[in-house]
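Subject: Structure handover

Hi,

Here is the structure I promised to pass on to you. Have a look first, and my notes follow below.

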Amino acid sequence: MSRQESVSVGHIELKNTEFSAELNYNALPVLPTRNLVLFPGVIFPIHLVRQSSRRLAELAESLNLAVAVVCQRDPAVDNPRLDDLYKLGVVGQVLKVIPMPDDNAVAMVSCHPEKILIDGPADTIIAEALTVKATPVRDAMPRVNDDFKAHLDMADRLMTECSAGSSVPGAIPAREKDAKEPSMAAIVNSMCVAAPLEVKNRIGLLHEKSIRTRLEALIDNLIARKDEERIRAEVEAAARERMGERQRNAILEAQMESIRAELYGEGSEVQMFRDKLETLSLPEEAIDALTREINKLDHLNPSSPDFQTQYAYLQTVLDLPWGKSSNSTTDFASAQAELDSTHSGLEKVKERILEQLAMIMHSPLSHAPILCLVGPPGVGKTSLGRSIAAALGRKFQRVSLGGVHDESEIRGHRRTYIAAMPGRIIDAIRRAGTMNPVIMLDEIDKLAQDYKGNPSAALLEVLDPEQNAKFHDNYVDLDFDLSQVIFITTANTLSTIEGPLLDRMEVISLTGYSAEEKLEIARTHLLPTLREEMGLQADEVPVSDAAISYIIDNYTAESGVRQLQKRLASVLRKYVRAKVAGTDFALPVEPAALRPLLGVETNSHDKYSTDGLPGVVTGLAWTAAGGEILFIEAVTTPGKGDGVLTLTGNLGDVMKESAAIAHRYVKAHAAEFQIDPERLKADIHIHVPEGAIPKDGPSAGITMVTAIVSALTGRPVRRGVAMTGETTLRGKVLPVGGIKEKVLAAKRAGISEIIISEENRRNVDDINPAYLDGVTFSYVSNVADVLRLALE
């Protein structure tokens with residue numbers, strides 16, 4: 001029987017509210033309610049807080065199953081049994097389960113016109129819920145006359161007066177002039193549901209056997225409630241007149257505490273924050289500010305969004321390690337041993353770091369410089385930061401800055417924004433739990449900027465020892481001391497770091513490893529770590545030094561050891577698979593077994609050969625990933641006689657200028673190089689292979705001169721020779737950077753002789769002699785010397 005055409009709840013409108021659920025009085029699953037008594041013939045939302053209630057409601061909705069909606073005697077009981085429920089209730093049909101933003105749900109329930117009296121537990125259990133047998137009980141319908149309508153009007157007026165300021169959901173249905181008896185019953189029952197009465201009073205109303213007596217009892221309860229409210233108001237008014245402002249505030253505070261304890265349990269969050277504030281060592285102004293914030297929280301309704309925002313702020317600020325510091329070690333020998341045990345090679349880098357550690361141990365209160373570890377990927381920059389923290393006995397936190405383009409990521413968001421949070425620096429301090437951790441700012445060269453601000457500018461305060469003692473995070477809104485923090489930054493290149501930021505850091509360059517160092521790292525660090533990660537024994541899966549060297553030479557081409565680690569991990573994974581599958585695996589791993597395990601070799605030293613062709617020269621280049629081999633190819637073609645220069649290979653402006661200088665220099669000194677004047681009329685095409693990769697820089701200057709002269713004279717470049725250096729129009733050879741990386745790249749390619757500027761001799765002398773084994777250097781001051789040494 002339909003009682004309403006439609007029912008709206010928020011933005012959800014229920015079109016079909018007719019009770020049509022499958023009804024079996026011998027087996028009704030119970031949907032228990034807290035402090036809510038429903039009446040026959042009404043539609044009402046039930047808040048589903050318990051997961052069991054939500055599952056039952058969703059099942060009832062999907063199967064069109066009738067449920068018994070019964071109020072429990074004690075709302076504190078989470079899993080009520082039959083004895084915990086009142087004997088009288090209603091049968092409901094779940095029209096719709098509506099999810100809410102707080103992960104709870106609301107079920108719209110349409111009640112059957114008859115109430116039920118619970119007889120006992122049912123023989124069968126439905127949906128693992130409490131299931132009962134019940135007897136339907138029908139209320140006597142009223143005779144609608146003027147006396148009944150007068151009672152209804154009185155109840156309507158009393159409901160309006162008593163419900164002012166009430167948060168009870170629901171609305172009294174509209175009553176038409178010629179309403180029929182079922183509609184009048186629904187109106188009375190809807191009033192009973194929405195009336196601001198205690199549960200026991202509503203249960204009493206439900207026990208009434210007729211609608212007429214229920215309406216009269218409702219009026220009696222509402223009159224009593226109105227008289228109670230009037231008396232309470234009179235007492236409170238008289239009390240307010242007698243007490244002063246201070247006493248009034250004290251009583252109100254006590255009432256609020258009592259209400260909170262009643263609603264949310266014992267133990268006030270406000271008192272918890274006050275107790276925690278007393279235990280922290282904060283500056284006086286910070287204590288005053290946080291006391292005001294705690295008092296603000298004390299006056300907020302715990303169910304309001306502002307309360308949650310204020311609570312999160314206080315929890316974050318009070319969780320910061322105000323005044324807490326780690327006890328740093330002063331054992332320099334153990335610090336040195338820690339660095340040596342975790343990093344092979346990098347002697348000069350470790351020497352500089354040990355100097356810094358000595359300064360920190362000798363003078364803990366001095367301002368430590370900000371170290372910037374610059375080098376290609378995989379050389380151990382991040383792990384060095386961890387080792388420094390371990391050597392000092394301090395906590396370590398890593399903050400990744402790659403791709404950060406919002407200044408608020410550093411300084412934090414203001415609390416006026418939704419979902420505001422502190423910046424990454426303060427968050428790292430909070431996670432570390434001390435005021436003197438080692439914080440690594442990783443990939444500082446990959447900071448970006450847009451309309452939201454410049455994070456590099458925000459880092460200026462963080463990395464300035466003169467300013468960071470009073471670092472101000474927008475979210476915390478209090479000065480925080482960062483002067484005890486040891487900041488270490490990492491980068492692959494310095495070219496993208498802004499000048500003022502770079503000026504605040506001391507740069508330590510980490511170049512690549514030699515093949516011998518990679519072998520040692522693989523043996524002492526990579527393999528033990530991989531065995532531990534894969535659950536293998538320390539001596540399980542032996543890999544010979546020859547196999548490791550073969551992997552380094554034929555499967556990797558890098559300055560660091562990241563690719564080497566991946567290749568070794570692949571070998572161990574195949575062993576684990578064979579072990580689990582029960583198949584054979586040849587041990588120890590030797591070079592001959594690597595191709596079946598790793599596939600065809602990815603590196604071929606033949607590709608670095610010039611094949612004895614004129615015009616092909618091997619150059620050396622530096623990239624953020626380390627040193628690389630670079631080929632310059634030059635050919636001559638018939639033209640119009642004006643010697644046009646064509647450049648291809650995705651070259652940058654600086655490299656194009658180097659090619660133009662080289663071409664013009666060769667034309668100006670053609671006679672010295674014994675070039676036929678007729679050959680100068682030919683067009684020259686210079687190409688740098690791997691055109692998809694952008695290339696730029698001046699260090700290919702002498703390589704281009706050599707390629708042009710070789711192409712014009714037909715004299716090829718000597719085998720195994722590579723070169724790097726900038727040239728001028730006067731033929732001088734200028735020094736270039738990245739010498740160590742280029743030397744390592746040359747060794748990987750099998751180059752035996754390198755031609756470089758005389759002024760780069762000091763850079764070569766600064767390289768570990770082990771890196772130079774097998775390579776000879778020819779130092780030149782002008783292009784003529786280059787051609788004399790390079791061409792056959």
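In which hand, left or right, does α21 pass α22? The crossing is right-handed. Before I go further, please keep in mind that this is a predicted model.

**Helix pairs**

Let me stay with that pair for a moment. Helix α21 covers residues 653-668 and helix α22 covers residues 701-713.

Next come α17 (residues 515-533) and α19 (residues 562-581), whose axes lie 10 Å apart at an angle of about 50°. With that angle, α17 is oblique to α19. Here too you will find a right-handed crossing, as α17 passes α19. From α17, the residues K518, A522, L526, L527, L530 and R531 meet L564, Q565, L568, A569 and L572 of α19. The class count for the contact of α17 with α19 is eight nonpolar, one polar and two charged.

The last pair on my list is α8 (residues 284-298) with α9 (residues 305-319). Their packing angle is about 150°, with 10 Å between the axes. Angles over 145 degrees count as roughly antiparallel, and α8 and α9 are therefore roughly antiparallel to each other. The crossing of α8 past α9 is left-handed. α8 brings L290, E293, I294, K296 and L297 to the contact, while α9 brings F307, Q310, Y311, Y313, L314, V317 and L318. Nine of the residues in this contact are nonpolar, one is polar and two are charged.

**Cavities**

How many cavities of 30 Å³ or more does a search of the whole structure find? There are two.

The largest cavity holds about 50 Å³ of space. Its lining is made up of I353, Q356, L357, I360, P369, L371, I388, I486, F487 and I488. Two elements give two or more residues to that lining, namely α11 (347-362) and β14 (486-491). The largest share, four residues, comes from α11. By class, the lining of the largest cavity has nine nonpolar residues, one polar residue and no charged ones.

The second largest cavity has a volume of about 40 Å³. Around it you will find H367, A368, I370, P465, N468, L482, S483 and V485. This lining divides into five nonpolar and three polar residues, with no charged ones.

**Backbone details**

As background, most residues other than glycine have a negative phi, and most peptide bonds are trans.

Which peptide bond is cis, with omega near -10°? The bond from L587 to P588 is. P588 sits in the loop that runs between α19 and α20 (594-598), and α19 is also the helix that packs with α17.

The other spot is E443, which has a positive phi of about 60° although it is not a glycine. You can find E443 in the loop between β11 (438-442) and α15 (455-462).

That is what I have for now.

Cheers

Key
Residues numbered from 1 in each chain as written. Predicted model: local features only at pLDDT ≥ 70, side-chain atom pairs only at ≥ 80, totals over all residues. Heavy atoms only, no water. 1 Å grid on protein atoms, 1.4 Å probe; cavity = no way out; pocket = protein on both sides within 12 Å on 5 of 7 lines; lining within 4 Å. Points joined across faces, edges and corners; volume = space filled by probe spheres on them. Nonpolar A, V, L, I, M, F, W, Y, C, P; charged D, E, K, R; others polar. Axes fitted to C-alpha atoms, helices over the stretch in contact; angles between N-to-C directions. Parallel < 35°, antiparallel > 145°, perpendicular 65-115°, else oblique. Left-handed = near helix turned anticlockwise from the far one by under 90°. Contact = heavy atoms within 4.5 Å.
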